[in-house]
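Hi everyone, thanks for making time. I'd like to walk you through one model today, going from single residues out to the whole chain.

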Amino acid sequence: MPLGLIALALGGFGIGLTEFVIAGLLPEVATTFGVSEAAAGWLITGYALGVVVGALALTAATTRLPRKAVLLALLVLFIAGNLLSAIAPDYGLMLTGRIVAALCHGAFFGIGSVVAAGMVAPHRKAGAVAIMFTGLTTANVLGVPLGTLLGQQLGWRSTFWAITIVGVVALLGIATLVRVPRDASQPGSLAYELGAFRSGQVWLSLLTTVLGFGGMFGAFTYIAYTLTGVSGFPSAAVPWLLILFGGGLFLGNIVGGRFADRSVDRTLIAVLAGLVVVLVLFALTARSQPATYLSLLLMGAFGFATVPGLQTRVMSHAAHAPTLASSANIAAFNLGNAFGAWIGGLTISAGLGYTSPIWAGAAITAAALFVMVVAGRAAPNRQPGTVPADAPPPVPAPAV
């Protein structure tokens, strides 16, 4: 395994910590700034929308720049945003810091996915992407529970100071360990990258990402309220319960990557169907603490098992111009996050209770399953690593 994959995973760890740790600290942050649950949820929704903007705008703006230099610059932006969140005196600046940090997220994972896939043989691409995303899942297994515990014990600001330090370490790791092959160091022109979006399969993949991840994240956004207000856990138990969810993410990412290397479409259909079932059962049994343990583990596992397949599917159908399409899929993940969190907030504000975001997540995921079935039936049969018929023709890469 190339050491560069470990360095990319390190960057993913820091970014994943920023994205997910806020969910466990949402009640404390809301109390500090005197805002409602729905308003506090915008610290998650705003981050997700920032990812969408950054994924498209920053990737498009840096298409002709060396990918390693871009990755390093994105981590500098990440560090600055988390530093602002740590010192924010009011809700407005806290939200601003979240958005600044979010701008790097989509481009980092989008460009990083292309770099990771280029480090290995074609039949191992999904596995390589899964390794990079292992940083994201490890953030949930270890970083989010410990970050939540740190924030509850020393104040939520201490968590963002810790994330800032993680960002600095990740920056050094990328600078030291990532080696980008010369033929992958620079993508093509912006016009050529945009050509990937002529593929209908790219658009169907993006829609599946929005709906599939939106369903899982809609349920997860308000999980602290569900665990304390429905399942009856004390707030001090939330960090430890998130370990179960994070463990599911880690397991789902690895297993999903291995199965996606065999068949992306069949894996995605099976995993999305499983996620629908898990969310329905979670909503029905949330008052049972033993059932909640299992639901958290399975929600994480099935939710994140989609990630390697969805990312690889978009890159595969974009073929020779994968960079912008890859970042667009990261944007789609986070557009789904924002959509799911928004819908979940609406259900709570409507007085439907703290299990209502889970029911909404199940419905959104069912829509993703329908789109994936349609996409799978419409996709041409081909071997892994081959170029789809609707892909743009290859062009020589520009000189370094």
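Let's begin with Thr365, which sits in helix H14, the stretch covering residues 356-378. Keep in mind as we go that this is a predicted model. Is Thr365 buried or exposed? Its relative accessibility is 0%, and buried means under 20%, so Thr365 counts as buried.

What does the side chain of Thr365 have for a polar neighbour? One of its polar atoms lies 2.8 Å from the backbone oxygen of Gly361. Leaving aside residues up to four places away in sequence, Thr365 touches Leu211, Gly212, Gly215, Met216, Leu272, Leu275, Val276 and Leu279.

As general background, nonpolar side chains in soluble globular proteins tend to be buried together.

Now for charges. How many salt bridges does a search of the whole structure find? One. It pairs Arg313 with Asp265, and the closest N and O atoms are 2.7 Å apart. The two partners belong to distant parts of the chain, 48 residues apart: Arg313 is in helix H12 (residues 289-318) and Asp265 is in helix H11 (residues 264-285). Arg313 counts as buried, because its relative accessibility is 2%.

Next, a glycine. Gly143 is found in helix H5, residues 125-154, and it is buried, with a relative accessible area of 9%. Its contacts, again not counting residues up to four places away in sequence, are Phe13, Leu17 and Thr138. Where does Phe20 come in? Phe20 is 123 residues from Gly143 along the chain, yet their C-alpha atoms are separated by 9.2 Å.

Let's move to the surface. Here Trp42, Leu49, Leu335, Phe339, Trp342 and Leu346 form a nonpolar patch, with about 550 Å² of accessible area together. Two elements give two or more residues to this patch, helix H2 (37-61) and helix H13 (322-349). H13 supplies the largest share, four residues. Trp342 is in H13, and at 45% relative accessibility Trp342 counts as partly exposed, because that class runs between 20% and 50%.

Finally, the whole chain. The protein has 400 residues, and 59% of them count as buried. For contacts with a separation of 6 or more, 85% are between residues 24 or more positions apart. The accessible surface is about 14,400 Å², and carbon and sulfur atoms account for 72% of that.

That's the tour. I'm happy to go back to any residue you'd like to look at together.

Terms used
Residues are numbered from 1 along each chain as its sequence is written. This is a predicted model: local features need pLDDT of at least 70, side-chain atom pairs count only at pLDDT 80 or more; totals for chains, interfaces and linings use all residues. Side-chain values use heavy atoms; hydrogens and water are left out. Patches are made of residues with over 30% relative accessible area and no salt bridge: like charges are joined within 9 Å, nonpolar side chains (Val, Leu, Ile, Met, Phe, Trp, Tyr) within 5 Å. Accessible areas come from the Shrake-Rupley method with a 1.4 Å probe; for residues, only the protein chains shown count as cover. A salt bridge is a side-chain nitrogen of Lys or Arg within 4 Å of a carboxyl oxygen of Asp or Glu. Buried means under 20% relative accessible area, exposed over 50%, partly exposed in between (1.4 Å probe, protein chains only). Contact means heavy atoms within 4.5 Å. A polar contact is a pair of N or O atoms within 3.5 Å; within protein, one must be able to donate a hydrogen and the other to accept it, and residues adjacent in sequence count only if both atoms are side-chain atoms.
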